[in-house]
Amino acid sequence: LADTLCEWTSQLTCELGKCARYPTEKCCDHDDGCHWDLNAQPPVCKEKYCPKTYPTAATQAQCDADGKCMWDSGKLACVDKDCGKLAKCPCRAQAECFWDATLGKCTDLKFAECPTMDVVVLMDGSGSMDAWFGNHPHGFYGLIEIMRDWVKTLPLTGEKAGTSTGPGPATGGLRLGFIQFSGQNPWWFSKGKSEAIQAPAGV
């Protein structure tokens with residue numbers, strides 16, 4: 001059990017986890033039944049709780065009764081609960097969800113009646129990020145990994161960058177912006193290297 005790649009089965013045997021065959025986060029996330037577990041050190045690919053616990057149609061009732069899960073009639077599988085996909089009545093039946101009558105949509109209870117807002121995240125872009133951070137080869141990998149998992153829980157509007165909110169009703173969603181900032185010798189994520197800033201001619 002101390003081995004994060006292994007699991008103890010109902011047959012009382014220790015076996016390699018179903019998702020452990022994915023060595024990287026990218027491959028892991030492409031499998032609907034798996035997720036990259038940041039709580040494990042080092043992080044590892046593991047089965048998602050809902051499809052693992054309620055694997056068949058025969059367990060649909062138990063899936064819906066579990067506060068963490070919901071039955072997806074399209075996939076015919078038990079998946080992690082997503083309030084945004086629920087209609088009015090199913091939404092109101094879930095203690096973790098909130099039906100917004102003004103917007104006509106279901107949202108996660110913790111975001112209920114939140115105003116529309118723009119959030120800007122300022123990231124360290126200095127050369128210090130080009131170093132090992134825990135199990136990550138450099139700081140940006142660790143930072144983006146944390147940011148991405150956080151973003152997955154947010155009620156994003158889905159608007160493209162540069163879109164103006166304009167007049168009209170509030171959507172109750174979030175728009176995110178990420179800015180890399182540094183004074184001298186920044187580490188350019190897009191270039192994969194540290195490079196000094198060149199002052200414009202005449203300055």
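The sulfur of C89 lies 9.7 Å from the closest cysteine sulfur, that of C91, and is therefore too far away for a bond, a disulfide being a pair of cysteine sulfur atoms within 2.5 Å. At 63% relative accessibility, C89 counts as exposed; buried denotes under 20% relative accessible area, exposed over 50%, and partly exposed the range in between (1.4 Å probe, protein chains only).

The model is predicted: local features need pLDDT of at least 70 and side-chain atom pairs count only at pLDDT 80 or more, whereas totals for chains, interfaces and linings use all residues. Residues are numbered from 1 along each chain as its sequence is written, and side-chain values use heavy atoms, with hydrogens and water left out.

**Disulfides**

Six disulfides are found in a search of the whole structure. Three of them are set out below.

| Pair | S to S distance | Angle about the S-S bond | Handedness |
|---|---|---|---|
| C28 and C45 | 2.2 Å | 85° | right-handed |
| C50 and C69 | 2.1 Å | -90° | left-handed |
| C91 and C106 | 2.1 Å | 80° | right-handed |

The disulfide of C28 and C45 links distant parts of the chain, from helix 1 (residues 25-29) to strand 4 (residues 44-47), 17 residues apart. Helices (H or I, at least four residues) and strands (E, at least two) are DSSP runs, numbered from the N terminus. Both C28 and C45 are buried.

C50 and C69 are likewise joined by a disulfide, which connects helix 2 with strand 5 (residues 69-72) across 19 residues. Both of these cysteines, C50 and C69, are buried.

The disulfide of C91 and C106 ties together parts 15 residues apart in sequence, since C91 lies in helix 4 (residues 88-92) and C106 in strand 8. C91 is buried at 0% relative accessibility, and C106 is buried at 5%.

With bonded cysteines counted along the chain, the pattern is 1-3, 2-4, 5-7, 6-8, 9-11, 10-12. C27 takes part in no disulfide, and the nearest cysteine sulfur, that of C28, is 8.7 Å away. C27 is partly exposed, with a relative accessible area of 37%.

**The largest pocket**

A pocket is an open set of points on a 1 Å grid over the protein atoms alone, where a 1.4 Å probe fits, with protein on both sides within 12 Å along at least five of seven lines; lining residues have an atom within 4 Å of a point. The lining of the largest pocket comprises 36 residues, of which K48, D80, K81, K152 and T153 lie nearest its centre. Strand 3 (34-37), helix 2 (49-53), strand 6 (77-80) and strand 8 (105-108) each supply at least two residues of this lining.
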